Amino acid sequence: MRERLGLNLEQTQKLIMTPELRQAIVVLQLSTLELAEYVQQELQENPLLELRDEEEVAATDELIDDPESFEIDWQEYFQDGSDLGYVSVPREERPEWNYQNLLTGQPTLQDHLLLQLKIAATSTSELEIGTFLIGNLDANGYLKISLKEAAACLKVSPAAVWRVLQLIQRFDPPGVGARNLTECLLLQLRQRKDAPPAAEKIIRYFLTDVAGGRLKRIARRLNLSLPEVQAVVDYIRTLDPKPGRSFGGGQENRYIVPDVIIERVGGDYVVLVNDLAMPRLGINPFYQALMRHDGSCDQATRRFIESKLNAAAWLIRSLEQRRLTLYRVVNCLVQEQREFLDKGLKYLKPLTMRQVAASLGIHESTVSRATANKYVQTPWGVFELKFFFASGVAKKGGAAAAESIKKIIAEAISKEDATNPLTDLQLQELLLQQGIKISRRTVAKYRDEQGIPPAAKRKRY
């Protein structure tokens, strides 16, 4: 067979990811804080982008248009005493704020303990050993190194390390410096004067039974009545198993800034895209003027400006497209979850991204990117946008979301008789009466996800 050369025309479809399209996808899935950082980086790289502070411009225009801003300072005018009817009274001078006195961060557990150690230590050796031990405490206040290891590292005797550890264990917060949970609870117990007599024995030998709710076994072993054991266990649960968790640095604080706000206005809901943290972007007019006049710059400079101008225009367009897409998606969620916004969590409906995408006429992946890592502020609190895409089960007259079923279970348990708590089977029958048909195993799963113990552990005597 002879080989021949020829030309053939074919029409095919291809998806080409241009740099602009990739940028639009990245911008769409960023949260408000991440987007602000991204825009700041673009401002540093693109000289054609500039900030437009509309608030300052509006304030300046308002100041110029305000005739009262040009009134005469009559108090300064009468300072010379020419008007005998005017008595000059000195202005009250208030002390200015000293920002050095403001607390910039929460003290850590180590800072709190080192301050007490410097006061309690009687020698340099104790101060060195104590500083080493405090440095080996975890975030919950437990010592994560043995006495032998500490003694070997410091080249001192284990007895000296033990004496300093006993000193630290008397510091605030109570229970700090313990090596296990039993020691932590006993340290707190010894600093209290109202501890029940059987509390120490239960902590030493029956903590596993307390966690499992096996109070009858404890009562039988200690020859006590069930109400007495119940009272002691309630007292033990007032102790803090993690004494160091109330301390931490300011770097550990994580604040949620909602990307979208849903406000109730009258009988309707208004969707507001939170772009207050976003800087207003514009294109530098100087470079625009250079592009309008031919011959103002050489060809290389002109090509550079053109590329940066296109990048700046595309970024501004991507930001506006993100705002519009986010608004449309949340507005659709408001329409679909209107009953939840009116009545609360029990009325959350099952919803999928495919339903929202079909309603808006966009791709499902676009809805996924628009809701990724974003939060919405509603009249019922701040939720992640993915929260509204909840799975559900069939219900008489419709469907019920998993979160609404959890809410029903939690409300039923909160109203139960503590001496005869509801079992998972009884909760299943209660849901069945409301038209929700789920298995007992699913009821136990939803109860565990809310941190609610089973009926045997909730029983009161």
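**Aromatic pairs, cores and burial**

User: F340 and F383: buried or exposed?
Analyst: F340 is buried, and F383 is buried as well. The term means under 20% relative accessible area, with over 50% exposed and anything in between partly exposed (1.4 Å probe, protein chains only). The model is predicted, so local features need pLDDT of at least 70 and side-chain atom pairs pLDDT 80 or more, while totals for chains, interfaces and linings use all residues. Numbering starts from 1 along each chain as its sequence is written, and side-chain values use heavy atoms, without hydrogens or water.

User: How many aromatic pairs does a search of the whole structure find?
Analyst: Six. Rings of Phe, Tyr and Trp (its six-membered ring) qualify with centres within 6.5 Å.

User: What makes the pair of F340 and F383 edge-to-face?
Analyst: The planes stand at 75 degrees, with 5.8 Å centre to centre. Edge-to-face needs over 60 degrees; under 30 is stacked and the rest are tilted. F340 sits in helix 16 (residues 338–343) and F383 in strand 6 (residues 381–384), so the pair ties together parts 43 residues apart in sequence. Both elements are DSSP runs numbered from the N terminus: helices are H or I of at least four residues, strands E of at least two.

User: Why is the pair of F383 and F388 called edge-to-face?
Analyst: The ring centres of F383 and F388 are 6.2 Å apart and the planes meet at 65 degrees, so the pair is edge-to-face. F388 is buried, as is F383. One aromatic cluster holds F340, F383, F387 and F388.

User: Which residues does F388 touch?
Analyst: Leaving out residues up to four places away in sequence, F388 touches L333, Q337, F340, L348, K349, L351, V376, T378 and F383. Contact here is heavy atoms within 4.5 Å.

User: Which residues touch the most other members of the largest nonpolar core?
Analyst: V356 and F388, in a core of 30 residues. Helix 15 gives the largest share of this core, six residues. Such a core joins buried Ala, Val, Leu, Ile, Met, Phe, Trp, Tyr and Cys through side-chain atoms within 4.5 Å.

User: How do you know that the charged end of K343 sits over the ring of Y347?
Analyst: The distance to the ring centre is 5.1 Å. The rule asks for NZ of Lys or CZ of Arg within 6 Å of the centre and within 35 degrees of the ring normal.

User: How many disulfides does the search find?
Analyst: Zero in the whole structure. A disulfide would need two cysteine sulfur atoms within 2.5 Å.

User: C153: buried or exposed?
Analyst: Its relative accessibility is 51%, so C153 counts as exposed. C332 has a relative accessible area of 3%, so C332 is buried.

User: Why does S31 count as buried?
Analyst: Because its relative accessibility is 12%. S31 lies in the loop between helix 1 (19–29) and helix 2 (32–45). Beyond four places away in sequence, S31 touches D259, R322, N373 and K374.
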